[in-house]
Amino acid sequence: MSHDHSLNPETMPQEPEKATLEGKNKFLGLWFFLGGETVLFASLFGTFLALRNSTADGPAGEEIFGLELVFLMTMLLLTSSLTSVYAMYHMKNNDFKKMQLWLGITAFLGIGFLACEIYEFYHYIHEYHFTFRSSAFGSAFYTLVGFHGGHVAFGLSWLIAIMVRNAKRGLNLYNAPKYYTFSLYWHFIDVVWVFIFTVVYLMGKVG
Amino acid sequence: MSIAAAQKKGFGAVIWDYLTTVDHKKIAHLYLFGGGFFFLLGGLEALFIRIQLIKPENDFLSAGLYNEMITMHGTTMIFLAAMPLLLGIMNAIMPLQIGARDVAFPFLNSLGFWLFMFGGVLLNCSWFLGGAPDAGWTAYTPLSTTSPGHGVDFYILGLQISGAGTLMGGINFLVTIVTMRAPGMTYMRMPLFTWTTFVTSVLILFAFPALTVGLFLLMFDRMFGSAFFEVSLGGNAVIWQHLFWIFGHPEVYILILPAFGVFSDIFATFSKKRLFGYTAMVFATILIAFLGFMVWAHHMFTVGLGPVANAIFAIATMAIAVPTGIKIFNWLATMWGGSITINSAMLWSLAFIPSFTIGGMTGVMLASAVADYQYHDSYFVVAHFHYVIVGGVVFGILAALHYWWPKMFGKILNEALGKLSFWLFFIGFHLTFFIQHFLGLMGMPRRYWVFLEDQGLDIGNLVSTIGALLMGVGGLLFVINIIYTSVKGEKAPADPWDGRTLEWAIPSPPPFYNFKQTPLVRGLDPLWIEKTEGKGEMTAAEPLGDIHMPDGSILPFIMSLGFFIAGFGFIYQVDQKAWLVAVFAGMGIALACMLIRSLKDYHGFHITKEELEREAD
Amino acid sequence: MKGWMGKFKSVFLLSLLALVLAGCGKENLTALVPKGYGAESSMNLIILSSIIMLFVFVIVFLVYVITLVRFRKKKGQENFIPKQVEGNKTLETVWTVIPIILVLVLAVPTVAATFDLADTSKSKDGINIDVTGNQYWWHFSYAGEEIQTSQDLYIPTGEKVYLNMQSSDVIHSLWVPSISGKMDVNPENVNTMYIEAKEEGVYWGKCAELCGPSHSLMDFKVIAVSPEEYDQWVEDMQGVDPEAQPQDAVAQDGKAAFEENNCMSCHAIGSSPNAVGPNLTNFGDRSRIAGILEPTKEKLVNWIMDPESIKPGNKMTNNYPELSKEEASNIAEYLLQLQPSEITPESAGN
């Protein structure tokens with residue numbers, strides 16, 4: 001087994017992320033982790049659904065949610081998922097520069113999403129005095145959406161860290177799994193957001 | 001680190017070695033030590049509880065202290081004793097049983113242990129800092145959200161930190177079993193203990209996040225003024241019960257399934273027969289795990305969920321009796337026609353069958369919702385789950401320790417002491433808990449600080465306390481046995497029990513790379529096959545070559561320390577905002593460690609072929 | 001082998017002996033001697049499930065003992081290698097199917113009883129009592145009758161009484177083992193259960209959900225009397241004049257002290273719905289002080305002077321001015337004279 005895992009186009013395996021045992025383990029481990037994350041968000045969704053009408057004296061969802069902003073956020077995050085797919089496509093073609101470029105765009109879109117979310121929360125708190133402490137609904141809303149936002153923030157830090165770290169050393173069998181697992185995580189966050197968009201905002205606005 | 005450097009080290013070097021180790025066998029030692037320590041602590045708490053209940057209206061403990069004692073006894077035994085002891089045994093044995101050199105994520109393995117340890121220490125710090133949690137190990141809201149002082153805060157943070165560690169352990173074992181089995185070790189050739197480790201890990205993965213969420217909600221309510229359980233703001237206290245039991249019921253199976261695996265291996269070995277109905281055993285394990293997620297509300301029959309929910313959960317719960325029954329009969333059939341050796345390991349396993357059968361039967365009785373209206377939260381339930389947890393899990397852990405002690409530590413536990421401690425513990429156990437079924441039905445609710453005079457509960461409680469003291473003596477003798485063995489015990493050969501599975505094919509204790517050459521597996525019970533049909537030892541699946549091993553690291557320790565510091569910060573920032581510094585510092589340390597881990601390349605090191613050959617001489 | 005079995009047997013016999021000595025527990029507390037509809041319903045299932053389980057246990061234990069006796073390694077057989085059996089389809093099917101049947105036998109009556117005990121559709125026609133669980137006492141409000149009382153719950157025998165239960169603080173659970181199984185008393189919703197006593201008597205009730213330091217001291221009583229006596233009791237309770245002056249001077253002083261020391265901001269006498277603390281209308285009739293103490297003047301004085309030493313964590317401590325021994329004694333005298341009805345725990349027979 002060689003220490004030198006750096007790639008050149010001739011020796012590159014079809015799936016660099018799974019070419020080593022460590023890579024395979026990381027790939028599989030992240031899938032399992034996402035299984036656990038699913039239960040985490042399912043629990044948060046369950047809590048939210050149980051409390052979504054428990055507004056006490058505070059505002060209800062339909063009074064405050066503005067679908068325009070949320071729609072924009074959805075578009076940002078969905079697009080960022082797509083751009084991360086492009087990045088992985090370029091990873092498999094061993095085109096490091098293009099991969100980094102698309103990941104950069106992914107990060108940019110993610111930051112945009114997060115900025116919108118911060119603005120949204122700020123808006124609710126100052127316009128409607130709707131806070132974490134207003135009612136059980138408020139607690140459940142900020143916790144569910146906030147946990148997702150926290151995941152986005154963590155994902156962004158992770159992405160930026162590996163992008164900066166590997167900017168000069170290029171792609172190799174050691175860091176390919178790191179990129180790949182990140183993209184899996186990012187898709188997961190995206191899927192969770194689709195549920196949040198439906199359950200929290202659409203259902204909140206309609207019913 | 002070369003092989004030579006691993007020998008003959010000073011005390012400081014040994015400590016440093018354990019702080020930085022990523023070797024699954026050493027991490028197992030740590031888990032066993034940590035879990036053992038908390039087990040003794042939890043046992044001491046149990047004795048205090050029983051002494052308080054030795055006679056009616058006793059004043060040995062105050063009411064508040066008593067509630068702290070029961071809370072900490074339950075929490076400690078479940079999260080800090082039983083689970084880590086099992087994780088320790090899994091760590092030590094499972095990789096050997098599948099012919100692997102280490103686990104998939106050695107770094108995470110170490111991190112998992114240190115998170116558990118720091119979480120446990122944090123929880124127990126509460127004793128010295130104004131009082132332990134006092135809302136029961138189930139921490140039902142709003143009792144837990146309104147409990148004064150910081151006890152429940154320690155409960156929240158302590159469990160959150162140690163729970164994260166357990167989750168990592170679970171993922172690690174799953175990946176290890178999927179990707180790192182030796183050539184020929186198909187799923188349906190894995191020893192039952194490996195199978196139950198696998199299924200248990202799945203349960204950990206899907207159950208713990210529910211607790212994580214529950215603890216977060218509790219934390220937000222207590223520390224940041226949210227209103228999840230605050231009825232005046234629309235909150236709902238029953239949500240906690242759902243989240244807790246969606247975690248809590250699978251947790252029972254997280255504890256008992258590995259014990260089932262242990263017994264399966266032990267019965268086969270000491271009956272000199274292969275496990276009867278292996279396939280049925282595997283599927284029964286999976287079925288139990290699956291059903292385990294469908295039955296959480298049987299802990300909530302009296303909550304007022306309505307007859308439909310109660311009926312559905314009652315039937316689902318009863319269904320679990322079927323796969324469990326299959327297991328019991330398969331174990332009996334394994335012994336039937338065999339050549340049974342009875343030693344300490346086997347005694348614990350044999351004692352398990354009638355004890356656990358009683359626990360399982362009372363489980364079915366409890367599943368009958370209307371009957372449960374009487375049993376619920378009475379001493380009947382206390383008796384039931386101690387028959388399951390002690391009669392199943394603790395017996396399983398002790399059987400496993402006697403069985404695998406030679407493999408883990410290279411010495412055989414003293415048989416005479418082993419048998420003596422078994423009998424005292426076994427008799428004490430039945431004396432303590434059998435009578436409690438009746439105490440419950442006679443009208444004694446659980447978690448009662450005192451029972452009143454003239455309620456017909458005196459004798460039962462006295463008998464129970466005497467039994468508990470016997471258990472205490474039995475437990476103490478086991479500790480003495482460990483000390484005696486480590487000083488004077490006989491050295492163990494590689495295969496002291498005429499074993500059947502891969503771990504007995506390598507020296508006791510194994511070298512740190514486990515298998516010099518990865519073995520080739522030709523069927524279930526691979527070593528037994530080689531003994532009876534082959535040359536008596538495993539055939540190698542690869543030529544002797546360099547072995548790649550992971551680097552040790554101090555980061556897991558520091559990262560856990562960071563969370564520990566942040567934990568204190570979270571708890572005390574409620575009183576004084578200055579403590580937020582500790583939150584940021586602690587989280588900063590932990591995140592910095594994560595960053596270092598992510599950015600630094602860890603390539604590990606190689607043991608060369610030459611070194612391995614030299615060692616063979 | 002013999003020693004092994006012998007020891008197991010001795011454990012079993014010792015437990016059994018202790019059990020016989022203790023009997024089935026105290027009458028009117030134990031669930032093993034059911035005196036009410038719910039308790040009988042539970043007991044039927046307890047007996048049915050016990051029989052099924054005992055049957056299973058006996059089989060397991062027999063096979064277990066025979067296996068151990070027959071197949072233990074014998075001298076001279078050290079090298080014997082048993083046949084390696086993989087399994088047996090027939091046997092495995094048998095021990096899968098039989099438990100399924102046994103479970104079904106238990107499941108059917110369980111489901112039936114679950115729906116039966118949850119059927120509160122006729123509650124409008126019956127007696128409805130609003131129950132409030134508090135740390136660490138129970139309040140009972142008779143809907144429609146304008147009766148408020150605490151700690152002692154009067155019900156007529158042979159009739160379904162509907163309890164609409166809610167907590168004012170943490171979760172409690174109402175349990176009267178001889179009459180009925182338990183149901184939780186939650187802060188956020190009203191849980192309804194019905195109880196029906198088959199015999200007259202005083203039944204012990206307990207809180208069965210950990211609710212704080214004095215959880216174990218949250219006892220109460222259910223006093224089941226004949227329907228006629230119950231009607232009498234209702235009439236007596238409705239006729240109480242909260243302003244009535246006691247007969248003797250000591251009690252009059254007690255009443256004055258009771259009023260001066262602001263006791264009434266928490267404790268109501270009569271049908272006032274104020275229930276910050278226990279309602280004291282029929283305090284002198286009650287079987288226990290604070291749910292646990294013998295109803296003597298001395299114990300009551302101790303309770304009034306220092307409730308914390310008796311029920312740790314109770315809400316009365318420090319919420320009233322310090323009382324002199326004499327004041328406390330006078331108040332005790334006054335309270336013990338609050339005996340509006342001839343129908344009491346004593347008359348309900350024991």
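Predicted model: local features only at pLDDT ≥ 70, side-chain atom pairs only at ≥ 80, totals over all residues.
In strand E7 of chain C, Ser180(C) is the bridge partner of Val176(C). Strand E6 (residues 172-176) of chain C and E7(C) run antiparallel to each other, joined over four bridges.

**An annotated domain in chain C**

- An unreviewed UniProt entry gives the annotation "domain: Cytochrome c" to residues 249-339 of chain C.
- In the model, residues 249-339 of chain C are 36% helix and 0% strand, and the end C-alpha atoms of this span lie 17 Å apart.

**How the chains meet**

- Of the two pairs of chains that touch, chains B and C have the most contacts between them.
- Chain A and chain C do not touch, and their nearest C-alpha atoms are 12 Å apart.

**Chain B against chain C**

- This contact takes 83 residues from chain B and 87 residues from chain C.
- Several helices of chain B give two or more residues to the side that touches chain C, among them H3 (63-97), H10 (307-319), H11 (321-335), H12 (344-367) and H16 (458-488).
- Which element gives the most to this side of chain B? It is H11(B), with nine residues.
- By class, the side of chain B that touches chain C has 52 nonpolar, 26 polar and five charged residues.

**Chain B against chain A**

- Here, 35 residues of chain B are in contact with 33 residues of chain A.
- On the chain B side, the elements giving two or more residues are helix H6 (151-179), helix H7 (192-224), helix H8 (238-271) and helix H19 (580-599).
- H7(B) gives the most to this side, with nine residues.
- The residues on the side of chain B that touches chain A divide into 22 nonpolar, 10 polar and three charged.

**Annotated spans in chain A**

- UniProt, in an unreviewed entry, places the feature "transmembrane region" at residues 28-49, 69-89, 101-122, 142-164 and 184-204 of chain A.
- Residues 101-122 of chain A are 100% helix and 0% strand, with end C-alpha atoms 32 Å apart.
- Residues 142-164 of chain A are likewise 100% helix and 0% strand, and their end C-alpha atoms lie 32 Å apart.

**A helix pair in chain B**

- The axes of H11(B) and H12(B) come within 11 Å and cross at roughly 165°.
- Angles over 145 degrees count as roughly antiparallel, and therefore H11(B) is roughly antiparallel to H12(B).
- The crossing of these two helices, H11(B) and H12(B), is left-handed.
- From H11(B), Ala321(B), Thr324(B), Ile328(B) and Trp331(B) meet Ile353(B), Thr357(B), Gly360(B) and Val364(B) of H12(B).
- This contact of H11(B) with H12(B) has five nonpolar, three polar and no charged residues.

How values were computed. Residues numbered from 1 in each chain as written. Chains lettered and ligands numbered in written order. Contact = placed C-beta atoms within 7 Å. Nonpolar A, V, L, I, M, F, W, Y, C, P; charged D, E, K, R; others polar. UniProt positions renumbered as here; feature names shortened; annotations may be inferred. Pairing = 2+ DSSP bridges. Axes fitted to C-alpha atoms, helices over the stretch in contact; angles between N-to-C directions. Parallel < 35°, antiparallel > 145°, perpendicular 65-115°, else oblique. Left-handed = near helix turned anticlockwise from the far one by under 90°.
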